[in-house]
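The following exercises ask the reader to examine a protein chain step by step. Each task is followed by a worked solution.

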Amino acid sequence: GFYKMAFMRKSKFRHVFGKPLKKDDGYDNIRVTKNSWDSPFCSVNPKYIAIITESAGGGSFLVLPIKQTGRVEMNQPVVDGHKGPVLDIAFCPHNDDVIASCSEDCTVKVWQIPEGGLTRNLTEPVVELVSHIKRACIVTWHPSAQNILLSAGADSKICIWNVGTGELYVEINLPDLIYSASFSYNGNRFVCTCKDKILRVIDSRTGKVIKETKEPCHQGSKPAQALYLKHDKVFTTGFSRMSERQYALWDANTLEQMSLDEIDQANGVLMPVYDGDVEMIYLIGKGDSIIRYYEITDEAPYVHYLSLYQSRDPTRGFGVMCKRGLNINNCEIMRIYKLLNTGTVEVIPFTVPRKSELFQDDIYPDTASDQPAISGEDWFRGVDADPVLVSLKDMFASEMKEPAKVVIKSNILDKKVPATPSRRSEEVASTPQAKTAHSVVRPASEAAPAASGAGAELPPGVNIKDILEDVKQLKKTVKDQDKKIRQYEERLSALESSNPEDADK
Ligand SMILES: *[C@@H]1O[C@H](CO)[C@@H](O)[C@H](O)[C@H]1NC(C)=O
């Protein structure tokens, strides 16, 4: 091998660490499916956590309100509408109440979770998609077009659906069993891995193979997984001829290999998770207890090892929280919900160790919102659009419920030059339906432009000591208010849970 550059390379994410929450803040008593298909078996969003469960005969999955931590009751209602085991589930990126599932019963179904969560078994989907003639194994949503869903089946077929109309837009027949499929940033293409070991980049609208590798992307016979990254790159995991676990990076346009490295000798398929905002990859090994994480950059060898998280219990499955659901004030950049064989879900925030009262814009670039950029129909007609982005700064401010004074002061203190709005964020601003991820009203004072460019200058008559004193006072106020809000929220949710009929249609 050659020297890894990791020592010399500077990175904001070098010291990112994972630390599990207390057991009470996780979930427990869940009969996670024992199916051997290489799926995460779990999907998470800011409102719900969904987990595929073991059920005699049919196929079902839990959908718990994310705040309903602790022990799950034996009679907890489930989504129970498949005639065979459920193999994959995925929440819609543009509607937190909508989830897709696919099953050994060959169908793909899309479900609407009633406001507040399930109060009885949900057996009727909003739409059922029937085309696969063998088990349906994978579902994944288009990142920017509304209602576009990809499904893959053991019939070696990929279907692109408009779930709004129930139309099957595209049918793509591949030569072998499909192990993974992943959309590009704007979803005009996807990459997939198959049992034939060939890596393919395919046009999502025509189904045409744009590029495929001549050689196996990984030589081993165990399943390879692929992710389409930003900036025309593809990341894969797989096994060498000697059954060592590997990862590789590819140029998405030429499918030339840019990087390849061996990891270890363990058996489990490495499931990659991508955070495109900061170009980090987390590798979660099915059946092992380690989560490794890496950063992708433009310097060779392009994939740079950062660190690992290890806990005692092996991983049966996992879900990943989107940025909209993270604790921005704590510099949390990832949260993994790890399913254990014991029926416990361990919640693991990954955090950049920083102490600051200011919004950390360098680790939180604008992120995908819950708004679709275009309709499914427009997309299928040929329009491409990047995901609609939002600033997470609103979420940071949202924790300061008495913002007027705070905002003015923090603008004075903020020495950072406001970032020039990217082309994309201008588009967001001009998109009529664009809204912030959380319905928090932004204080008018914040919208006023901060001293643009030369932000370091203090207005006359203001000195640092006074500001620091003010900040101290305000922090105390905020803390008190936070406590009060939490008490109100607890009372509210106690009231809601004693009166659940509203959600029951
Ligand atoms: C809900 O579905 C589960 C799983 O199929 C089943 O065991 C349970 O009896 C169902 N509950 C009701 C009330 O029908």
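**Exercise 1.** Determine which side chain makes a polar contact with the side chain of Ser180, and describe the surroundings of Ser180 in this predicted model.

*Solution.* 
Step 1. The side chain of Ser180 makes a polar contact with the side chain of Thr193, at 2.6 Å.
Step 2. The side chain of Ser180 also reaches a backbone atom, the nitrogen of Ala226, at 2.9 Å.
Step 3. In the secondary structure, Ser180 belongs to strand 16, which comprises residues 178-183.
Step 4. The relative accessible area of Ser180 is 5%. The cut-off for a buried residue is under 20%, so Ser180 is classed as buried.
Step 5. When neighbours within four places in sequence are left aside, the contacts of Ser180 are Ile138, Val191, Cys192, Thr193, Ala224, Gln225 and Ala226.

**Exercise 2.** State where Thr213 lies and which backbone oxygen is found 2.9 Å from a polar atom of its side chain.

*Solution.* 
Step 1. Thr213 is located in the loop that runs between strand 19 (209-212) and strand 20 (225-229).
Step 2. The backbone oxygen in question is that of Glu215, 2.9 Å from a polar atom of the Thr213 side chain.
Step 3. Thr213 has a relative accessible area of 8% and is therefore buried.
Step 4. Apart from neighbours within four places in sequence, Thr213 is in contact with Ile198, Leu199, Trp250 and Leu255.

**Exercise 3.** Consider Val303. Is this residue buried or exposed, and which residues are in contact with it?

*Solution.* 
Step 1. Val303 lies in strand 27, which covers residues 303-310.
Step 2. The relative accessible area of Val303 is 3%, so the residue is buried.
Step 3. With neighbours within four places in sequence set aside, Val303 is in contact with Phe235, Tyr247, Leu249, Ser259, Tyr294, Glu295 and Ile296.
Step 4. One of these contacts, Ser259, is 44 residues from Val303 along the chain, and the two C-alpha atoms are separated by 7.3 Å.
Step 5. For the chain, 53% of the contacts between residues at least 6 apart in sequence join residues at least 24 apart.

**Exercise 4.** Identify the peptide bond that is cis and the residues described here that have a positive phi, Cys106 and Glu279, and locate each of them.

*Solution.* 
Step 1. Most residues other than glycine have a negative phi, and most peptide bonds are trans.
Step 2. The bond between Ala300 and Pro301 is cis, with omega about 0 degrees. Pro301 is found in the loop between strand 26 (290-296) and strand 27.
Step 3. Cys106 is not a glycine, yet its phi is positive, about 80 degrees. Cys106 lies in the loop between strand 9 (98-103) and strand 10 (107-112).
Step 4. Glu279, likewise a residue other than glycine, has a positive phi near 55 degrees. Its place is the loop between strand 24 (270-275) and strand 25 (280-285).
Step 5. Glu279 counts as buried because its relative accessibility is 12%.

**Exercise 5.** Which residues are around the ligand, and how much of the ligand's accessible area does the protein cover?

*Solution.* 
Step 1. The residues around the ligand are Val78, Asp80 and Asn121.
Step 2. An oxygen atom of the ligand is 3.1 Å from a side-chain N or O atom of Asp80.
Step 3. For the side chain of Asn121, the distance from an N or O atom to an oxygen atom of the ligand is 2.3 Å.
Step 4. The ligand on its own has 360 Å² of accessible area, and the protein covers 33% of it.

**Exercise 6.** How many cavities of 30 Å³ or more are counted, and which residues line the largest cavity?

*Solution.* 
Step 1. Rolling a probe the size of a water molecule over the atoms shows where empty space is left.
Step 2. The count comes to 2 cavities of 30 Å³ or more.
Step 3. The largest cavity holds about 50 Å³ of space.
Step 4. Its lining consists of Tyr179, Cys194, Lys195, Lys197, Cys217, His218, Gly220, Ser221, Lys222 and Ala224.

Key: Residues numbered from 1 in each chain as written. Predicted model: local features only at pLDDT ≥ 70, side-chain atom pairs only at ≥ 80, totals over all residues. Heavy atoms only, no water. Near = heavy atom within 4 Å. Polar contact = N/O pair within 3.5 Å; in protein donor to acceptor, adjacent residues only side chain to side chain. Areas by Shrake-Rupley, 256 points an atom, 1.4 Å probe, with all protein chains shown as cover. Helix = DSSP H or I, 4+ residues; strand = E, 2+ residues; numbered from the N terminus. Buried < 20%, exposed > 50% of the residue type's maximum accessible area, 1.4 Å probe, protein only. Contact = heavy atoms within 4.5 Å. 1 Å grid on protein atoms, 1.4 Å probe; cavity = no way out; pocket = protein on both sides within 12 Å on 5 of 7 lines; lining within 4 Å. Points joined across faces, edges and corners; volume = space filled by probe spheres on them.
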